[in-house]
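Here are my notes on the model you sent. Please read them with the structure open.

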Amino acid sequence: MTLNECKKLRHLIIIKDREGRRAIPLEMASYSIGRSDSNSIVLYGPCISRQHATILRIPNPDNELTRFRIIDGSLNGTKSTNGLYINDNKSFSHDLQHRDVIKFGDEVTIQYYVLSNLSDADFQKFCQVDDFARILSNSAHSYDTKKIARNYDLDTNEIAIARLASFPELTPNPIIEINLAGNITYTNPAAILEFPQLQNLGSQHPLIAQLPSLVKLHSVKYFVREIEFDNRILEEGIHYIAESELIRIFITDITERKQVKKEKPQQDNLLQNLLKVSHLSFDEQLANLLKIGCNYFQLNTGVFCQVKGNSLTIIQVHSQPNNSFIFKPGEVFDLTQPLKEDQLICFYNTLNSIEPFSDFHRNNLELKYFSRLGYLGIRVVFQGRVLGILSFVGSNDLEKNFTASQLHSLKLMSQWLGKEIANYQTQNILQQQAKQAKLLKQITQAINHGFSTPDILYNIVKQIGQTLEVNRCSIHYYKEKPNISIPCVAEYLQGELESMLNVDISLVNSPYIQKVLTQDGAVISDLSCDIASDDVSTNFCQQFAIESMLTVRTSHHGKVNGLLAVYRDYSSFNATNTNNHNWTATEIELIEIVAQQVGILIAQSQLLEKETLQKILLNKREQELKAIQEILSKTVTEKSHFLVNAVKHIQILNNKITNDLNFLENTDLSSEQECQLQSIQQNCDNILTLTNDLIDLSHLESGKNTLDKQLFKLEPCFKEVIKQSLFQATNQNLKLSYQLETQVPPAIIQNLPRFQQILTDLIVQGMHFAEVTAIEIFVTAFLVDSETNNYEILFTIYNQGIVLSLEQLISLLTPFSQDNISQDNISQDNNFSQEVYDSVGLRFAICKQLVTMMGGNFWIASQGQVTGNYPAYWQLDRNMEPKENSGLTFYFTILAQSVAMI
């Protein structure tokens, strides 16, 4: 155990309540005690108040030892319900002694101990005796405090004493108390922290030296004195308490206040000087501001830098004689590049600091500008936008920091400059807007007057040239085909200058033009700078006597379509006006805005040319299409005539054969001859059916047939169709059935004969297949127009027992094509033959034409394979097939109006 540990006194309380026993070492400045979880020490018992008591640590001014005082209730004067009993005596405030017992009602007690000659490890073990470390501060009880009767009156003065007891401990200002002999009787924590030598020096410390004699000298009990200590000015409020013969000193640091008062005349003079230059131009105001700042801060260089995007540009510099710092206005620093030792680190730090930034004696960095300096800088901000940096640099050795008054003055200068910059920018914006409005108005008037594109472009370059007072302005098209070129299409000239119109301008390979074509904003160049290294541009400028040019690309929807350029030639410069080639920001922005309009105009002009060409081509194609349609119509008519004539000849021949067969029937024939005669008769009937179908299809395709609509009921129609097909179905052992959904209208307006023809043909075609075991018809409907009561009716004819591939399905819809249909699928009954099957595709074609005339669609499906013209809403995976087993399904829809039957 160390000597310090032996001398150290350790304060401990042992609590006994409903939660058991636990030990808590006292180390903090204060503790609140009560049943609420917000207390430092939580007690559990029926007589405990929400905040029952407070323990305060009180340091001893004579040594480093402390004592603890317990006070009833809280420091704001709120007393506990049942009070404190210390060693069985009722007490409001008590300085705790070793083994004191504090009772909180009947069930809760605290015993106080002061221990010494214990090591830190032993003290920790002592705190853990009988499981004292068990602290249940997170528990909460909702019971009320049990009141105990009392028969005493408490001195209210003690409440005030308790409330003030913590004030010296918690105040941030130093407080010292001494007696008339000069000995220190009390120091609060702030005094100990602020003046660590106070205890060692005692009455010899400058803060309290000679205070007893000064108190005796003054006849009043309170006076104030100022004292300089440790490069600071301190104000001591001295109170003499005659009753206890004590002197209390309240110390306040007034260094900053004194400095501000001292520098107030200088600050007022600074503001007056700023007001004197308010009537000057902005450049003159800025120059005077930098000069005033150098004198005020005693630094020999003032700099203002503009912040724009990620770049920092030096705008203006004021340097006093014998200045070692060289700043060049117009120099630009890229803030996105990594900082190097030779860059302006102080500028960068200022830009990233809200408050003024200062630096001194940067000998550790050999910087390009600041090798040994005093630096002071601040951001210039207006309405939350950083406009630039105002900074001052001095090469002389500075030995102290800038004062608060100087920093405040710099803030005022920054605020004043920010407002002036904003006013200057506002004036420029207004002037620029006026020019823009005038120019754009003139351009709009030229467009609205209905001028042609060349006339409008000429008016634009003329207005730009006159507005900017330049010698030449031109607009160029950018063409990529057949070769890249930039011909001049509009030009404004002033004076006797060579025109660019009708001149082969070979600037395509110029790096300058390539930069213009790839950059969004305008590109500035003059012959004495970057064009000098560009042979193509140099030759161009020499040919047309150009000294400086400002060029911006025109585009529409991101695609470059031209160039807009303004020029100044040699004749515009003279000895007294050597800066005319410097394009202003207003001029640049104006040209960029006009270029946007020109880009749209060029795009519209090119679009108009394309539309005109497309109209010519479209008219030509329409004439060609009309001629083709006439040829097709003539061909269809000739085909129809040929087909009708051929069918008539076939019918005549068929009638002759029929007559011969009738004659043979009246003769004696053998059994074999009678069978042959029946076969010939069947083939004749088939030929007659086929020829009738051909004539019907021909009439449908030619558009000669029209459908007369009438009102009829659907269900009787189905019964009639089933009745006609029932005999053949019975012979083939087929089951015929139909089902109408509830939403199907009972009566519709449509062509009844053709509708029955479609149903009959599709049922008969299904009977042609030998594998078909049943034919089921399902009908559903969808309302498509509630005002007209029009429905789309869907008919599903399901042939159970047969499966066809996609190729076979396609063959079904192709007239006279059965290459993919197996002969085994064809019914071999006496009423059906191969010749009849040859007309299946023809019948489907007729059904498809009739369905189309009725405003519907026709398609077929088998086992996931579909062909035909099915509607967009229909999908096979919607289980619209009535059965999941194998089968062939015919689908068709018609449009019909629903009408209630009377």
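**Notes on helix, cores and a buried glutamine**

1. On one side of helix α13, Pro511 and Thr518 are exposed (exposed: over 50% relative accessible area; buried: under 20%; partly exposed in between; 1.4 Å probe, protein chains only). On the other side of α13, Tyr512, Ile513, Val516 and Leu517 are buried. These buried residues line one face of the helix, because they fall within an arc of 135 degrees seen down the axis of α13. The arc is taken from the directions from the helix axis to the C-beta atoms. Helices (H or I, at least four residues) and strands (E, at least two) are DSSP runs, numbered from the N terminus.

2. This is a predicted model: local features need pLDDT of at least 70, side-chain atom pairs pLDDT 80 or more, while totals for chains, interfaces and linings use all residues. Numbering starts from 1 along each chain as its sequence is written, and side-chain values use heavy atoms, without hydrogens or water.

3. The largest nonpolar core has 46 residues (buried Ala, Val, Leu, Ile, Met, Phe, Trp, Tyr and Cys joined through side-chain atoms within 4.5 Å). Phe755, Leu762, Ile793 and Phe892 have the most contacts inside it. Elements giving two or more residues include α18 (752-767) and β35 (887-898). Another core, of 27 residues, lies apart from it; Leu439 and Cys473 are among its members.

4. Phe892 touches, among others, Phe755, Leu762, Ile793 and Trp859 (contact: heavy atoms within 4.5 Å).

5. Gln750 lies in strand β30 (residues 747-750). Gln750 counts as buried, at 1% relative accessibility. Its side chain reaches the backbone oxygen of Leu895 at 2.7 Å. Gln750 also contacts residues including Asp708, Phe712 and Met854.

Technical notes. A polar contact is a pair of N or O atoms within 3.5 Å; within protein, one must be able to donate a hydrogen and the other to accept it, and residues adjacent in sequence count only if both atoms are side-chain atoms. Lists of a residue's contacts leave out its neighbours within four places in sequence.
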